[in-house]
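Me: Please take a close look at one part of this model and describe how its elements are arranged.

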Amino acid sequence: MAITIKSAREIELMKEAGRILEIVHEELGKALHPGMSTKDIDRLGEEVIRSYGCTPSFLNYNGYPASICVSVNEEVVHGIPDKRRILKEGDIVSLDAGVIFKGYHSDAARTHGIGRISKEAEELIKVTRECFFEGIKFAKEGNHLFDISAAIDSHATKHGYGVVRDLCGHGIGTSLHESPQIPNYKVDRRGVKLKAGMTLAIEPMINIGTWEVNWLEDEWTVVSRDHSLSAHYENTVLITDGEPVLLTLTDNTSYTL
């Protein structure tokens, strides 16, 4: 599939999809507390998405049975919400969500601590977020795609963390997953040259321990192979001839590390 360059009209629709998804994440972040089930999170997320006239990107996507991916502790991504899975003090939980607004997708992920969490967990969440911002320093027209990947990898490995290799970021637009694929680790090529109008979902997935992962029997949930904590941070990004525009993070004060 060719990489799509979005028109001005398409960019406006994707900005609105991103703005709504940012609100979804804000509402979910405020609601998290010990004793909440992961199914409660999914139910609330879908309710907020639909209240804005949008459709959840993930619900029934390739058979995925929920609107919000809820991944706890060693779960990297694609955790399936369950009314029996109860969050407890000290857990960390990664929420990955997407919305469809008038045919256009947005995609973003955040990792949160539940109550008081360990310093180790705090540092992992912080560094994973930093990895994203190190990567998007290169997300501008004229640079190459894998410059983003190398920057993410460099920041994570500097802290001794494992960068998940089996999953990656992606293009996004009228489809949730479009070309190109965006590794979070350094590769020996530079990748395509970035052009204004590209829209990318850039999403570091970082483990405290090994980069290696396993899939659980549900064929969705991905876990760190050594059961170490994992964090996930993602935004939908518009490439311009200047600085990148974060469609799912509109507060400019959040750009600083």
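Me: In β10, which residue is the bridge partner of G162?

Reply: The bridge partner of G162 in β10 is N207. This is a predicted model, in which local features need pLDDT of at least 70, side-chain atom pairs count only at pLDDT 80 or more, and totals for chains, interfaces and linings use all residues. Residues are numbered from 1 along each chain as its sequence is written, and side-chain values use heavy atoms, with hydrogens and water left out.

Strands (E, at least two residues) and helices (H or I, at least four) are DSSP runs, numbered from the N terminus. Two bridges join β6 to β10 (residues 205-207), and these strands run antiparallel. Strands pair if DSSP finds at least two bridges between them. The open sheet has three strands in the order β6-β10-β13, with antiparallel pairing. β6 (162-163) and β13 (230-232) are the edges, each with a single partner strand, so one side of each has no neighbour in the sheet.

Helix α3 lies across β10 and β13, at about 40 degrees to β13. Axes are lines fitted to C-alpha atoms, for helices over the stretch in contact, and angles run from 0 to 180 degrees between N-to-C directions. Contact means heavy atoms within 4.5 Å.

The axes of α3 (residues 119-135) and α4 (residues 145-158) come within 8 Å and cross at roughly 150 degrees. The two helices are therefore roughly antiparallel, a term for angles over 145 degrees. In α3, V127, E130, C131, E134 and G135 meet I148, A151, I152, H155 and A156 of α4.

Key: Angles under 35 degrees count as roughly parallel, over 145 as roughly antiparallel, 65 to 115 as roughly perpendicular and the rest as oblique.
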